[in-house]
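Me: I would like to go through this structure with you, topic by topic. Could we begin with the strands and then turn to the side chains?

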Amino acid sequence: MIRGVIRGAGLALALLVACVAPVTAMATTPPPLPQGALAEPLSPAQAPGWAGDDHRVVLSLFAAGCQAEPPLRAAVPVPAALLSACAQARRLQAAGPVSAAAARQFFETQFGFWRIRSAPGATGFMTGYFEPEFEGSLTRYADFPTPLYGRPRELVTRMPGDDWPGLDAGLSAARRTDKGLEPFPDRTAIETGALDGRGLEILWMRDPVDRFVLQVQGSGRIRLPDGRVTRLVYSGRNGHAYTSLGRVLSEREAIPPAQMTMDRLIARLKADADFARDLIRLNRSFVFFARRDDLPPESGPIGGAGLPLTPLRSVAIDRGIWPYGLPVWIDATVPGEAGGEERLSRLMLAQDTGSAILGPARLDLFVGSGAAAGHRAGLIRHPVDFIVLWPRDLRP
């Protein structure tokens, strides 16, 4: 093992791995979990498909940092041991080219492996999301009448530990006024003029259905009439609870949940504007965006951690349970890119979050950008073997 490391990355890398390699046999402290959830210790060899992945991909992403400062959406604090592991990854990368074996040993050395269950006998659950692309305009006219808003100045996001007396504990944001905090207008209020005259419009879209899809995904690309593309990143939400319109429609029209894909939901909404308006307003949550024209076209969207997402390597997690930057191993059978199904067993990074991603074994897989990625993402509603790589404290 060490000889292979020396060939791949030089003596400095060999010394780094040699110094920490003996701890792989040591027990690790399990991750903190909500009451009722379970963490089952595993060896790396017990993670299905572990040896077959190319761990260098995630090592490079991991070395780029656990999260930006500040992140786009606050999460539980990044543990000191995870920050230390990020620093170790940077030193590893700086020492020279890293072999596949050395990258794999880095994760085996720095982390304990824990299979996460929300309850005894339960499995994880994974959905998919993507970066959509729509047509839009920086000015309003007949073809583009639906506004997209930037973040209002008075919007205050609730941080972990914030106590807001007199406000619903379920609100994740509020409006600051001269009299104190109060609930921010919900979707219906915003769509009927609550933000009119404020100059908050950052661009205009074809219809509320496009805006709804963009808000669900949390990022997007807008192709302007002159051919330019502007990028949109999440900039906050009004704090009201998210309601799954797919679940509502499934129950109303007796559609089996497995058949209620994003494609089917969008088709139903596009077919009837009045029906779409009323259904969309059941989701009181409303998302605000910021333009990021500085993002390279080949770059993924910016996730909650404040860093670019990588297709099929970035996942969204419950930010009230897990920190950003956490490596996780997933094993699931999912819809394939060319149809059918395929086995997806690989190392991922927790770099995003979402209002509907709640629970210790709940994941949302970033599939990619564009219509094809959107179709595939909409089909993912699958059980997943969810294994967290929780950092060891290797400090002296």
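This is a predicted model: local features need pLDDT of at least 70, side-chain atom pairs count only at pLDDT 80 or more; totals for chains, interfaces and linings use all residues.

Me: Which sheet do they belong to, and in what order do its strands run?

Reply: They belong to an open sheet of three strands, ordered β6-β7-β8, with antiparallel pairing. The edges are taken by β6 (155-157) and β8 (180-182); each has a single partner strand, so one side of each is left without a neighbour in the sheet. On average, neighbouring strands here are turned by 45° against each other, direction ignored.

Me: What holds paired strands together in general?

Reply: Strands of a sheet pair through backbone hydrogen bonds, either parallel or antiparallel.

Me: Now the six-strand sheet. What is its order, and what is the sense of its pairing?

Reply: The order is β5-β9-β4-β10-β11-β12, the sheet is open, and the pairing is mixed. At its edges stand β5 (146-149) and β12 (287-291), each with a single partner strand, so one side of each lacks a neighbour in the sheet.

Me: Which helix packs on it?

Reply: Helix α6, residues 208-217, packs on the sheet. The helix touches β4 (133-137), β5, β9 (201-205), β10, β11 and β12, and its direction makes about 20° with that of β5.

Me: And how do β10 and β11 pair?

Reply: Strand β10 (residues 219-223) and strand β11 (residues 229-237) pair in the antiparallel sense, over five bridges. In this pairing, Gly220 faces Leu232 in β11.

Me: Changing topic: how many disulfides are there?

Reply: The structure holds one. The disulfide joins Cys66 to Cys86, with an S to S distance of 2.3 Å. Cys66 lies in the loop between α2 (56-63) and α3 (80-94), while Cys86 lies in helix α3, 20 residues apart.

Me: Why is it called right-handed?

Reply: The torsion about the S-S bond of Cys66 and Cys86 is about 100°, and the disulfide is therefore right-handed.

Me: Are the two cysteines buried or exposed?

Reply: The cut-off for buried is under 20% relative accessible area. Cys66, at 5% relative accessibility, counts as buried, and so does Cys86 at 2%.

Me: On to the rings. How many aromatic pairs are there?

Reply: There are 14 aromatic pairs. One of them is formed by Tyr129 and Phe366; this pair is tilted, with 5.5 Å centre to centre and 55° between the planes. The pair links distant parts of the chain, 237 residues apart: Tyr129 is in strand β3 (residues 124-131) and Phe366 in strand β16 (residues 362-369). Tyr129 counts as buried at 6% relative accessibility, as does Phe366 at 1%.

Me: Which residues do ring pairs link into a cluster?

Reply: The cluster consists of Phe62, Phe106, Phe107 and Phe111.

Me: Finally, which arginines lie over the rings of Phe184 and Phe275?

Reply: Arg175 lies over the face of Phe184, 4.9 Å from the ring centre. For Phe275, the charged end of Arg268 sits over the ring at 3.9 Å from its centre.

How values were computed:
Residues are numbered from 1 along each chain as its sequence is written. Side-chain values use heavy atoms; hydrogens and water are left out. Rings of Phe, Tyr and Trp (its six-membered ring) pair if their centres lie within 6.5 Å; planes under 30 degrees apart count as stacked, over 60 as edge-to-face and the rest as tilted. Helices (H or I, at least four residues) and strands (E, at least two) are DSSP runs, numbered from the N terminus. Buried means under 20% relative accessible area, exposed over 50%, partly exposed in between (1.4 Å probe, protein chains only). A charge sits over a ring if NZ of Lys or CZ of Arg is within 6 Å of the ring centre and within 35 degrees of the ring normal. Two strands pair if DSSP finds at least two bridges between them. Contact means heavy atoms within 4.5 Å. Axes are lines fitted to C-alpha atoms, for helices over the stretch in contact, and angles run from 0 to 180 degrees between N-to-C directions. A disulfide is a pair of cysteine sulfur atoms within 2.5 Å.
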